Amino acid sequence: MAHSQFDLFLQEATHLDPDAESALDCDRLYGLYTSWCFINQKAPRPETTFWAAMKQRLNPGHAGLSMKGPAAADYILASSPGLV
């Protein structure tokens, strides 16, 4: 079965952690997506397209959704340059 770019992103860069103290907010989720696209050499879709796709795939508020994998590391380093 073919998976969309958005399905692959969710599978490779996120995981559900209902015990997480904080879930990804909207800005961080889209930022993680753009990091995932960069790493995988895919053109990121416009934010409106991304959110339309996420609306079909995630519960409102995406409670418990956390980052994982190389895209998480890329996003964290890109958004906190003082860590490097």
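What does the accessible surface of the protein come to, and what share of that surface belongs to carbon and sulfur atoms?

**View 1. The whole protein and its surface.** In this predicted model, local features need pLDDT of at least 70 and side-chain atom pairs count only at pLDDT 80 or more, whereas totals for chains, interfaces and linings use all residues. Residues are numbered from 1 along each chain as its sequence is written, and side-chain values use heavy atoms, with hydrogens and water left out. The accessible surface is about 5500 Å², and 55% of it belongs to carbon and sulfur atoms, with areas taken from the Shrake-Rupley method with a 1.4 Å probe. Along the sequence the pattern reads α-β-α-α-β-α, where helices (H or I, at least four residues) and strands (E, at least two) are DSSP runs, numbered from the N terminus.

**View 2. The largest nonpolar core.** Such a core is a set of buried Ala, Val, Leu, Ile, Met, Phe, Trp, Tyr and Cys residues joined through side-chain atoms within 4.5 Å. Among its 19 residues, Phe9, Leu29, Leu32, Tyr33, Trp36, Phe50 and Met54 touch the most other members. Helix 1 (5–13), helix 2 (26–39), helix 3 (47–57) and helix 4 (69–79) each supply at least two residues of this core, and the largest share, six residues, comes from helix 2.

**View 3. Met54 and its partners.** Apart from neighbours within four places in sequence, Met54 is in contact (heavy atoms within 4.5 Å) with Phe6 and Leu10.

**View 4. Gly31 in helix 2.** Gly31 lies in helix 2 and counts as buried because its relative accessibility is 13%, where buried means under 20% relative accessible area (1.4 Å probe, protein chains only). Although Gly31 and Ser79 are 48 residues apart in sequence, their C-alpha atoms are 8.8 Å apart in space.

Conventions:
Buried < 20%, exposed > 50% of the residue type's maximum accessible area, 1.4 Å probe, protein only.
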